[in-house]
Amino acid sequence: MEFVRRNRILLTSGVLLLVSLLLFSVSTRSPAYRDPIGHLVLDALAPFQVVFSWIGRSVGRVWTGYVDLVDARRDNQRMHERVATLESELLRLGELERENARLAELLSFRARFEGTVYGARVIAREPGPLAMTLTIDRGERDHVHRGMAVLAPQGVVGQIAEASHTAARVVLLTDHNSGIDAIVQRSRARGIVQGGTDGSCYMNYLNRDADVVVGDRVLTSGLDGIFPKGVMIGEVVDVSRRHRGLLQAAVVRPSVALDRLEEVLVVDATAQVADPPA
Amino acid sequence: MRAAAVIGLVAAFGLLVQTTLFHALPFGVHPSPDVLVVICVFLGLHRHTAGGALGAFILGYLQDTVSGTAAGLNAFGMVVVYLLVYLTCRRLWVDNVMSKVVLVFLASCVKALAVLAVSALFGTFDGEWGPTFSNVLLNASIAAAIAPPVFALLAGARLPEERDAR
């Protein structure tokens with residue numbers, strides 16, 4: 001009896017281990033075995049399990065919501081960065097596309113010329129009341145010299161006023177020092193296109209009885225030995241006849257957007273337009 | 001009586017937490033803390049009576065009931081844990097938090113191994129041993145981590161002389 005009392009825990013544990021194994025054996029070997037106590041426990045715990053599950057799911061939902069929010073914020077930031085990158089790329093591609101179109105136009109314009117023609121990029125411009133000029137990236141190194149004509153696909157730009165080794169300065173046709181021998185396409189009336197001090201352009205020295213009306217196109221005559229014949233200069237937008245005198249003048253709007261030029265052609269005196277407009 | 005009530009309440013709460021709350025949380029792998037094994041270690045440390053061993057058996061039996069395993073499996077594991085903790089604390093002084101945490105870790109491993117051994121003996125285990133052992137270690141670590149607060153909850157169930165001895 002003393003032995004049992006002293007080793008009661010070991011004995012109880014041993015008995016319980018045997019009971020456990022017996023229970024396990026019965027419950028695994030007998031498919032029909034039903035545990036009545038287990039069912040009672042399950043029934044007793046079920047309502048509490050419902051409540052705890054609900055709490056767990058609620059906490060889970062809050063947690064998932066928070067994680068989703070963090071993810072959404074991160075995604076949002078990533079999307080913003082992506083949009084910025086794509087916009088920048090789009091801008092660059094748009095710019096390349098426009099440049100491509102301009103160069104293609106320039107190339108096709110260049111094909112119309114017979115003679116020496118050089119392509120050049122505008123690298124600087126100095127528009128001011130006294131000097132309407134721009135600088136191109138071609139100089140004497142590229143056989144660009146003073147006096148050569150500068151053209152764009154839309155028409156006359158100006159002429160080379162000064163050429164260094166690697167660059168050249170172009171006096172625009174709107175500069176008051178510029179002078180281009182020109183004719184009115186429709187009536188063949190002849191005059192000199194000169195720049196004003198206000199950035200506009202005039203066709204001066206027209207005979208008083210010359211037939212010039214608004215809308216007439218003004219072309220180079222080719223008689224000045226600088227510009228090839230038949231290149232568009234601009235369009236007459238106003239005609240002014242004074243009460244007295246032998247001459248009249250016309251205001252000409254240049255066909256080239258001189259303030260947005262990026263590429264030009266430099267043409268020497270020998271170059272001719274292959275198919276000049278009538 | 002008060003001690004049994006405290007242990008019963010903590011066991012019921014632990015059982016509910018480990019079977020419902022943690023499974024509903026979105027932690028991905030759902031490692032469920034084995035609160036009952038901590039209580040079993042507590043019994044082995046502080047209840048050196050036949051009632052203590054019976055308590056361990058009941059804890060395991062409850063776990064079998066709610067976890068869906070065959071009745072007796074976890075009961076066997078719990079009684080083994082109780083017995084080993086009882087035998088250990090007869091020879092070693094286990095009272096500080098760190099030693100209890102280590103004991104819970106080892107107890108959790110022992111319980112899992114006992115359960116696996118019985119399952120293998122009866123031919124009901126058909127899983128792979130590698131992942132099973134890593135799972136055992138993970139669950140043992142979680143059980144060890146939750147041991148201090150569970151022991152704190154169970155402090156009210158210690159014998160008056162044990163509380164005075166502190």
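Predicted model: local features only at pLDDT ≥ 70, side-chain atom pairs only at ≥ 80, totals over all residues.
1. Composition of chain B. Seven helices and zero strands make up the assigned elements of chain B. Read from the N terminus, their order is α-α-α-α-α-α-α. Chain B has 166 residues, of which 45% count as buried. Among its contacts with a separation of 6 or more, 69% join residues 24 or more positions apart.

2. The contact between the chains. Chain B contributes 30 residues and chain A contributes 29 residues to the contact. On the side of chain B that touches chain A, helix H1 (2-24), helix H3 (50-67) and helix H4 (73-91) of chain B each provide at least two residues. That side of chain B consists of 23 nonpolar and seven polar residues, with no charged residue.

3. The largest nonpolar core. This core has 58 residues, and those with the most contacts inside it are Val38(B), Ile39(B), Cys40(B), Val41(B), Val79(B) and Tyr82(B). At least two of its residues come from each of the following: helix H2 (8-29) of chain A, and H1, helix H2 (35-46), H3, H4, helix H5 (97-121) and helix H6 (129-154) of chain B. The most is given by H4(B), with 11 residues.

4. Surroundings of Val41(B). Leaving aside residues up to four places away in sequence, Val41(B) touches Val81(B), Val85(B), Leu103(B), Val104(B) and Ala107(B).

5. A separate core. Another core, of 49 residues, lies apart from the one described above. Its members include Val117(A), Val171(A), Leu173(A) and Val218(A).

6. Which residues of H2(A) are buried? They are Ile9(A), Thr12(A), Ser13(A), Leu16(A), Leu17(A), Ser20(A), Leu23(A) and Phe24(A). Because these residues cover an arc of only 140° around the axis, they lie on the same side of H2(A). An α-helix has 3.6 residues a turn, so residues three or four places apart point the same way. The exposed residues Leu18(A), Leu22(A) and Arg29(A) sit on the face of H2(A) turned away from the buried side.

7. Packing partners of H2(A). The buried residues of H2(A) pack against H3, H4 and H5 of chain B.

Conventions. Residues numbered from 1 in each chain as written. Chains lettered and ligands numbered in written order. Contact = placed C-beta atoms within 7 Å. Helix = DSSP H or I, 4+ residues; strand = E, 2+ residues; numbered from the N terminus. Nonpolar A, V, L, I, M, F, W, Y, C, P; charged D, E, K, R; others polar. Buried ≥ 20, exposed ≤ 12 C-beta atoms within 10 Å, placed from the backbone. Core = buried A, V, L, I, M, F, W, Y, C linked by C-beta atoms within 7 Å. Arc of directions from axis to C-beta.
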